[in-house]
Amino acid sequence: QLGAGNTLNQVGTQNLSALTNIATNSYISAVHYDYKSKYLIDLTGRYDGSSAFAPSSRSGFFPAATAAYRIFEEPFLRYNPALSFLDDLKIRVSYGMMGDAAGTNGYNFLAGYNYPATGNAQTLPGGSVFDGNYVNGVAFRGLTNPNITWYKINSMNIGLDGDLWKGLLGFQFDYFDRNRSGLLATRLLSLPGSVGATLPQENLNSDETKGFELVVTHASHIGKLGYRVSGNFSFTRTQWKHFEQAPQGNSYADWIANLNGRYNGIWFGYGGVGQFGSFGQIQTYPVNQGGGNRSSVPGDYIYEDYNHDGYIDAGDLHPIAGTYGGNATSSTSSPPWINFGLTLAADYMGFDLNILLQGAADKWISYPIDLAYPLDHGGNAYAQFLNRWHPVDPTADPFNPNTVYTGGYYPYTGTQVNQSSTFGVQNASYVRVKSLEVGYTLPAGLTKKAGISRCRIYANGFNVLTFSGLRGADPEHPSDLYGQEYPNNKTYNAGVNISF
């Protein structure tokens with residue numbers, strides 16, 4: 001390891017903390033059975049071991065089985081005149097277990113020390129001076145856990161495939177359920193600080209993900225016009241069966257922060273009920289949004305007094321959106337519950353058309369409207385912020401009740417917007433024309449005269465159109481940097497394919 005040697009004359013240095021020595025040993029078996037293409041069975045088994053775990057819990061056996069029954073091959077279906085529209089029908093079932101060691105800190109079952117110690121200077125042990133340099137002493141690495149082992153993943157899938165009316169209708173339907181148990185976590189908050197030691201990882205948490213997928217296809221023709229349609233739709237949700245966390249101090253805090261038994265996707269925040277339209281409305285507004293509303297100006301957001309106590313505070317937090325798995329104050333996004341797509345294709349007398357649409361629904365994301373510092377980090381303000389409330393006279397005192405404002409979409413520049421509110425959390429559902437291509441193949445009789453067997457002229461585009469209510473950002477961008485990342489490229493091409 002170069003990083004463990006002398007750094008003299010080295011072009012670069014290695015990070016000593018990144019050095020690891022972990023081994024995995026696996027035995028894998030598989031059996032396949034096929035009887036007349038009607039009964040299909042696959043059996044697999046893995047026997048895995050990892051040096052990250054203690055010898056007593058190092059190895060695990062993880063079996064899986066998949067079975068398919070092509071019920072269409074049964075004579076009572078295949079040769080039944082009343083079912084002549086049926087071309088194929090298959091039932092699929094699978095169930096299996098897997099083990100995963102990802103996320104382990106490594107060798108949690110072994111005691112040890114860190115030298116020289118790193119961490120909080122107030123808790124570091126004493127040290128010594130070597131060659132004129134102070135070096136921290138030895139620090140205990142924390143408690144061990146000899147029982148840590150693989151976390152288990154139990155997956156089940158039930159599927160049904162069918163083809164009807166000679167390709168007029170085809171479908172694939174799948175229902176799936178994945179249970180994970182023994183997910184790694186620590187009792188960092190569920191044990192008192194008086195324990196006085198760094199806690200080890202344990203197999204504590206568990207969750208369940210379930211949903212369904214549907215694919216439907218249709219192909220036919222009307223005279224010389226041939227067309228094909230394929231659509232897919234999926235719905236998926238994840239629920240914490242157990243999430244290790246500290247008990248809350250009251251029932252309201254438990255309602256907000258307790259993830260146990262809750263689906264990932266409950267986003268707590270502040271509701272919004274509009275914007276102030278005048279100083280008169282601000283002065284007579286019965287709810288205190290902070291400081292007696294003395295710092296509010298026309299155009300500022302009005303937050304919902306959810307508990308009707310006359311004040312806007314943490315007691316007004318409640319579910320405001322979905323597709324999020326954390327608490328009320330985070331701004332991270334998560335995958336949507338619903339994904340869908342549609343493929344359209346057609347051909348007519350040498351012309352052809354292909355369109356791919358994709359989209360998502362039940363997806364919300366935190367893109368807070370940051371008007372407090374529009375020129376932050378030395379950048380320019382976004383043109384969209386020109387559509388804002390502001391004094392008609394730019395030199396007027398914005399807090400003077402006699403100042404006349406003109407309306408807009410956004411509040412006045414300098415307004416602090418609560419990102420954990422319906423003003424900061426936006427609906428990121430969308431439909432996108434991902435690709436579109438139009439082509440024309442010249443008649444063979446014409447091209448053969450020039451020694452060309454096939455000539456097709458085409459034009460296509462990618463990321464052609466996006467339909468979304470999300471403002472100022474791409475709906476597929478994460479919340480990092482408030483979604484203000486480099487936009488997706490729109491690409492257009494034109495060309496000719498020639499075969500001789």
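Q: If contact means heavy atoms within 4.5 Å, what share of the contacts between residues at least 6 apart in sequence joins residues at least 24 apart?
A: In this protein chain, 65% of them do. This is a predicted model, where local features need pLDDT of at least 70 and side-chain atom pairs count only at pLDDT 80 or more, while totals for chains, interfaces and linings use all residues. Residues are numbered from 1 along each chain as its sequence is written, and side-chain values use heavy atoms, with hydrogens and water left out.

Q: How many helices and strands does the protein chain have?
A: Both are DSSP runs numbered from the N terminus (helices H or I, at least four residues; strands E, at least two). Here you get 4 helices and 25 strands.

Q: Which strands does β17 bridge to?
A: Strands pair if DSSP finds at least two bridges between them. Strand β17 (residues 338-348) runs antiparallel to β12 (residues 225-242), with 11 bridges joining them. Leu-225, for one, has Tyr-348 of β17 as its bridge partner. Another 11 bridges join β17 to β18 (residues 351-361), again antiparallel, and there Asn-339 is partnered with Ala-360. β17 and β18 make a hairpin with 2 residues between them, and Met-349 in that turn has a positive phi of about 50 degrees.

Q: What percentage of the residues is buried?
A: Buried means under 20% relative accessible area, exposed over 50%, partly exposed in between (1.4 Å probe, protein chains only). Of the 500 residues in the protein chain, 33% are buried.

Q: How many aromatic pairs are there?
A: Rings of Phe, Tyr and Trp (its six-membered ring) pair if their centres lie within 6.5 Å; planes under 30 degrees apart are stacked, over 60 edge-to-face, the rest tilted. That gives 20 aromatic pairs here. One of them is Tyr-39 with Tyr-69, stacked at 5.4 Å centre to centre and 15 degrees between the planes. Tyr-39 is in β2 (residues 39-50) and Tyr-69 in β3 (residues 59-69), 30 residues apart. Tyr-39 is partly exposed at 33% relative accessible area, and Tyr-69 is partly exposed at 26%. Phe-85 and Trp-165 have ring centres 5.2 Å apart and planes at 25 degrees, so this pair is stacked too. Phe-85 sits in the loop between α1 (75-78) and β4 (86-100), Trp-165 in the loop between β9 (151-164) and β10 (169-185), 80 residues apart. Elsewhere, ring pairs link Phe-173, Phe-212, Phe-233 and Phe-235 into a cluster.

Q: Which rings does the charged end of Arg-237 sit over?
A: A charge counts as over a ring if NZ of Lys or CZ of Arg is within 6 Å of the ring centre and within 35 degrees of the ring normal. Arg-237 does this with Tyr-263, 4.1 Å from the ring centre, and with Trp-337, 4.0 Å from the ring centre.

Q: How many salt bridges turn up in the whole structure?
A: Look for a side-chain nitrogen of Lys or Arg within 4 Å of a carboxyl oxygen of Asp or Glu. The search finds 16. Glu-208 and Lys-241 form one, with the closest N and O atoms 3.3 Å apart. Glu-208 lies in β11 (residues 202-222) and Lys-241 in β12, so the pair ties together parts 33 residues apart in sequence. Glu-208 is buried at 11% relative accessible area, whereas Lys-241 is partly exposed at 43%. Arg-456 and Asp-352 also meet in a salt bridge (2.7 Å, N to O). Arg-456 is in β24 (residues 454-468) and Asp-352 in β18, so this pair ties together parts 104 residues apart in sequence. Both Arg-456 and Asp-352 are buried.

How values were computed. Contact = heavy atoms within 4.5 Å.
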